Each structure stands twice: as C-alpha cells, then as structure tokens.
Amino acid sequence: MNFKHKYFFLFPGLFVLIGILIFPIIFVVRLSLSGWNSYNPGLDYIGLENYIRLFTDDPRFWESFFRLSFLSVTTVILQYVIGFALAHMVWKDIKFKRFFRVLFLVPMMTTPVIMTVIWRTFFHESLGPVNDLLSVFGVAPKWLTDPVIAKFTVIIVEVWQWTPFMFLLLLAGLLSLPKEPFLAAAIDGASPVRKFIYVTFPLMAPISIGAIIIRLIEASKIMDTVYVLTSGGPGTSTETSSFYIFIKGLREFQMGYAASMSFTYLIIMIISLTIIAKVLTKVLLKE
Amino acid sequence: MDLIANNLSYKPEDQYHLNEVSFNFKEGNLYTILGRTLSGKTTLLKTIAGLLTPDSGEIEFDGKNFLKVPVWERNVAMVYQQFINYPHLNVFENIAFPLKQRKIDQGVINEKVMDALKSVGLLGYEKRKIQELSGGQQQRVSLARSLVKNAKILLLDEPLVNLDYKLREQLREEFKNLFSKGLADETILIYSTTDPKETMELNGEVIVLDEGKVLQVGPAKEIFENPNSLKVAEISNDPPMNIIEAKISDNNIQFEGINLEAPKHLSKLTEDGLKIGLRSSDIELGENGNEFEVELAEISGSETLLHLKRGDTKIIVSIEEVLNFKIHDKVKINFKIDRAYAFYADGKLASSPFGGLNGQN
C-alpha cells in the first residue's frame, strides 16, 4: 500500500521525539566538544579535551560513579526483597488485605523532596527523634555526618520511598500467576517453603527481571534524596554521578565539561544495564 | 491400608457439595466415582487430597486421622481434568518435581522419571517445554507425574474429559493397561467420571454421586444391571434411560394406546404411578411395530440417536447405523420389553430384568 500522506501523520510524533530526545542528545555531544563555561560561554570547538580530562584527571567523577553503583544496587536489592515479602504477604487471603495493600503504597504517593526533609529531621543528630530513642541504649550514630553511616541513611530513605513501587509491580505479577501449579505442588509434596522456592519464585522470574531493571534505571538517577539529605556530604561521601554532574554544570557552570560527563555516563549506563538484563535473564530464566 | 470416610459434609454456601458421604476404600482396588457435572466428584477428590477441609466428618487412612495431615505429607497423587503442569519446567523436570521434594538420589530420580515417561509413551520428549506439547501429551505428563511418586492414593479427576474423541479412546485404553499392570497392587485408585461407558470399561467398584450424596455403591455390572433408583438409572446410562409413564394391569403394560405383554418380572406389579425404564439400545426399528414421530435425529459417530414422540411420551432410540431421518417422519419401533425396568412413583427400583428386587421372583 502506498500512502502518500503517511509522513504528514508521522510528523507530530516525530517532531516531539526530535524536540525532546534526538536534538538534546546531539546538542550534548556537540556541547561536550566545546569549552563552554562561565568565562567563555559559546559553542567553540576544543576537540576531545573534555574527555581527556575526564578519563585522566578526574578521580572524583569515577568515585561518584562507583558510589552510585553501590547505592543503586544495594537499594534495589533491598527493595526487591522487602517488596516481594510484602507482596507475598498480601497476595494470600489475609485479614484487612485491602487495607494493607493500600498502606504499603503510601510512601510512593508522597513527594520525595518533602519526605526527605522529614527524614533529615528524623535523623538529626542532636534534635531528631531517632537518636532520642537510641539514647536509651546509649548510642548516638552520626546519621548524616559520618561518611559511612551517611551512605546507609541515603539507602534507608531510598528504600522507604521506592519499595512500594517494587511492591506494586510484584503484587501485580503474583496476582497474574496461574493457580494450578500451586495446587499441583501441594499435592506433589512441596511444603509451603519449597513451594515458594520451586514454584512461586521461578514463575515470578520474568516479572522480577522487569521490576529490577525499571528500578535500577530509576535508582541510578538518585539526586533529590542526596541533595536534600546530605548535599553529597560529608565531603563527597554520598555524592552520586548525577549530583556531581549537577555541581559541575549548574553550579560551576562548566557546561562543556558537564556535557562530556553526561554523555559518558549515558553510554556506561546503556552498556551496563544491557549486561545486567542479560545476566538476570540467564540466571533467573535459565535461557 | 484402607481409606475410610465417615459422613463427610461440605456446604460452602446454601448447597451441599458433599452430603454425608461415607465409604471404605481398600488398597489394590479401583473405585470409580460416577456423577454428573457439579455432583461433588471434584470436591470429594479434593477433600481426600487435602485441598479442601470438610465442614464435618472424618477421613481415616492407615489408622490415622487423615484430616490432620497437611496436603504435602499425604502422599497422594492427583490428575486433574485441566492439564495441570509446571509451565516453567520442561517435561523431565515436571515429572521429577514430586521426587525432588523428597531426599532422593539423582540417579534414582532419573531412572524413575524415564520409567514413567516410557509407561505413558513420551520417551524422547524430556527436554521439551510443556507449552510445546498437545493437550493429550500434557495430560500424559501429569499422569506420569502422578505415577512416579508411587503414591498410596491416586486420584484421577475426569482425566479424559478435555481431550478429543480419538485421544480419549487411546488414553482410556492406556489407563486400563496401566491399572491392570499391577500398579494398583497397593494403591487405592480413585477415578471420577461423568461417562457411564468409561465406568463400565474400567470395571471397578462404582460410587454413584449426585448433589453430594452417595446414591449407590457396587460393582460396575451391578450398577448397570440393577440401578437402585431412577436417578442412578439416568446417571449410569448415556443417552439417559427412557422413562415411560405406564400402567400395568392384567399382564399388560399400557401407555399411549400401546399394549405390550408384561414380561415375567414386571407382571406382578400393580401399584399406581409406575414408571417403566427402557434403555435406548433396547428399542429397535421394526416393520410391524408402533408408530412414533421423529422430533430430532442426531448422528454421533457410527450411531444414530432418534428422539421420538407419541402423545406425551418422548423416548430416545439409539441405532447402531447411520440413518437419515427428517423431522416429522413416522417410524415404527419395537420394544424389547423383557429388558424393561420398573420404578415406583418415588423413584425407587421396583423390578429389574437382571433379578433386582421383585424381579428375583
């Protein structure tokens, strides 16, 4: 079929796509080849100088990247485990099932920035209620100012905020499972624990992979939590890639350099997420 | 080891699924539960398996209170009418699943699975995915899965009902072979079905179930020859037994202006409201018979089922031939009246040609 006007109908969608995706990416690539900063704003051409600087002379970027990897992988694993447990709990017929299903979703419906401010107040070292309670045991962890503990504070807040999303995806998955294999498994002599290991979990594998990948993509953008909770501190101990790029680009206004970091980051993310998806599929689906 | 049930009742809403069901199943025997759909067959099997807890009653197995034993410890195997398998496992893993739940050596598992695959004729399919198999093959996999664990109780819940005609015949044959091969030596085999023909072919002890109630228990032959009530006669015949409201007097059976000489086993009955039961196969076409009008003629396989009418009396005749009839055709039929049953007005058997009740005289 030859339809002359098809490009006309494609145009609106294409236009939006070009405007919000293709143009920005091309522009970032061009920008990364320039020395645009606050002294010298403009699209001049300096070749690969920014990339050379990034790969040879900026350990802070790579530190922030590995920190981000640690934070996102840890939070997603925790979210998956807790989310699965909660979903499994309200999957069966228990009392107040509907109430719990809604209750577990509440954190996701709150505004992340506001909630992080509240968490910051919670974890305040001298005025916050957490240390007030812990003082009973004579301990007062430096939730926000110890370089190691601060990382875990970020993890706690992230897990609290986003486990509901995982819960939602996994519950939907559980509810869509066929009932028959569970009947068969019971009769075939599988105790509840074995039923979970040999039936529920394998049947959930495809959904699990999807949920984990979605959350990994989201988690690798951690920015608002860090910004509000610790501002990357103490020092740079909770600084993540996006936060560092934000500092370089929008605080120090090194636009060209920030663009080269963004583009490098994008490439790394695409490659690593593809590998992770492949590995997960191989391990969980045995394909 | 016997499986004994006492007064099992299960009434989830306002209708009984099981109503005071009692039985005593002995090991090494085949029991067929015959009943129409929704008669409680599946409920009964699920109760034995442990998937359902009855409202009241007891089940005892091997001298122990079976209801206290959780499903996964009951050592029961079950084949369902839907082909239930594990979609995420291949054929081999599916069959090995029940064995993997116990601590059994992998070598023994391989051997047993291969044996089971062989006995259901699926050798060479072990690496296949379940979804790649046909319905009949899927049902064989679940049969193999239930055979492999050497369960003391094997439940088969209408295992053939969702298969097409050819496969059903074939698998039924294989079932018979499997059952007769000594599989049942120490197993209690419980097979539920809606199909009287299947019941007769399996030739085990039959439990006729209707609306959750046991109507009759006995060997297949006995159920077929001497159904103790109208209902059993209906359930155990396909097409259902013809029921004719007739009067017996002076050695004559009269209905719709037809006069038939009563056979010996019916001649002594004089009560009012008697119903005469005659199987569709005990009526034949005949030149000098009584005239009926064709209401419907259906051809099923090599058989023709004629739905006939005369006055208020409707009967079904099955003829072992493919014949073409039109609606409103007139046909002449003869009754093999010496094969007729008689039932009292309340549905109880009054006399049967095989010597039930008054027929004994």
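B:Glu198 is buried, at a relative accessible area of 3%. Its side chain meets that of B:Arg172 in a salt bridge, 3.4 Å from N to O. This is a predicted model.

- B:Arg172 and B:Glu198 form a salt bridge. B:Arg172 sits in helix 5 (residues 165-180) of chain B and B:Glu198 in helix 6 (residues 196-202) of chain B, so the pair ties together parts that are 26 residues apart in sequence.
- B:Arg172 also forms a salt bridge with B:Glu201, with the closest N and O atoms 3.4 Å apart. B:Glu201 lies in helix 6 of chain B and B:Arg172 in helix 5, so this pair ties together parts that are 29 residues apart in sequence.
- B:Glu201 is partly exposed, at 31% relative accessibility.
- A network of salt bridges links B:Glu169, B:Arg172, B:Asp195, B:Glu198 and B:Glu201.

**A salt bridge between strands**

- The side chains of B:Glu293 and B:Lys330 meet in a salt bridge, 3.7 Å from N to O.
- B:Glu293 lies in strand 16 (residues 283-300) of chain B and B:Lys330 in strand 19 (residues 330-335) of chain B, so the pair ties together parts that are 37 residues apart in sequence.
- B:Glu293 is partly exposed, with a relative accessible area of 27%.
- B:Lys330 counts as exposed, at 52% relative accessibility.
- Over all chains, a search of the whole structure finds 15 salt bridges.

**Chain B as a whole**

- Chain B holds eight helices and 21 strands.
- Its C-alpha atoms fill a box of roughly 75 × 45 × 40 Å, taken along the principal axes.
- Chain B has 361 residues, and 49% of them count as buried.
- Take the contacts in chain B between residues at least 6 apart in sequence: 65% of these join residues at least 24 apart.
- The accessible surface of chain B is about 17200 Å², and 45% of it belongs to carbon and sulfur atoms.
- Chain B carries 43 positive and 54 negative charges, and their mean positions are 4 Å apart.

- The size of an interface is often given as the accessible area lost when the parts come together.
- Chain B and chain A bury about 1700 Å² between them, with 66% of it on carbon and sulfur atoms.
- In chain B, B:Trp72, B:His88 and B:Gln101 lose the most area to chain A, together 35% of what that side buries.
- The contact takes 20 residues from chain B and 18 residues from chain A.
- The rule finds one salt bridge across the interface of chain B and chain A.
- A:Asp188 and B:Arg145 form a salt bridge, with their closest N and O atoms 2.8 Å apart.

**A closer look at B:Ile243**

- B:Ile243 lies in strand 11 (residues 242-245) of chain B.
- It is partly exposed, with a relative accessible area of 25%.
- Leaving aside neighbours within four places in sequence, B:Ile243 is in contact with B:Leu230, B:Lys275, B:Ile276 and B:Gly277.
- B:Ile243 and B:Glu321 are 78 residues apart in sequence and 23 Å apart in space, C-alpha to C-alpha.

**Backbone details**

- Most residues other than glycine have a negative phi, and most peptide bonds are trans.
- The peptide bond from B:Asp238 to B:Pro239 is cis, with omega near 0 degrees.
- B:Pro239 lies in the loop between helix 8 (230-235) and strand 11 of chain B.
- B:Glu211 has a positive phi, near 50 degrees, and is not a glycine.
- B:Glu211 is found in the loop between strand 9 (205-210) and strand 10 (213-219) of chain B. B:Glu211 is exposed, with a relative accessible area of 55%.
- A:Phe253 is not a glycine either, yet has a positive phi of about 60 degrees.
- A:Phe253 lies in the loop between helix 12 (241-251) and helix 13 (255-285) of chain A. At 37% relative accessibility, A:Phe253 counts as partly exposed.

Definitions and conventions. Residues are numbered from 1 along each chain as its sequence is written. Chains are lettered from A and ligands numbered from 1 in the order in which they are written. This is a predicted model: local features need pLDDT of at least 70, side-chain atom pairs count only at pLDDT 80 or more; totals for chains, interfaces and linings use all residues. Side-chain values use heavy atoms; hydrogens and water are left out. Helices (H or I, at least four residues) and strands (E, at least two) are DSSP runs, numbered from the N terminus. Buried means under 20% relative accessible area, exposed over 50%, partly exposed in between (1.4 Å probe, protein chains only). Contact means heavy atoms within 4.5 Å. Accessible areas come from the Shrake-Rupley method with a 1.4 Å probe; for residues, only the protein chains shown count as cover. Lys and Arg count as positive and Asp and Glu as negative; His and the chain ends are not counted. The place of a charge is taken as NZ of Lys, CZ of Arg, CG of Asp or CD of Glu. Buried area is the accessible area (1.4 Å probe) that two parts lose on being put together, summed over both. A salt bridge is a side-chain nitrogen of Lys or Arg within 4 Å of a carboxyl oxygen of Asp or Glu.
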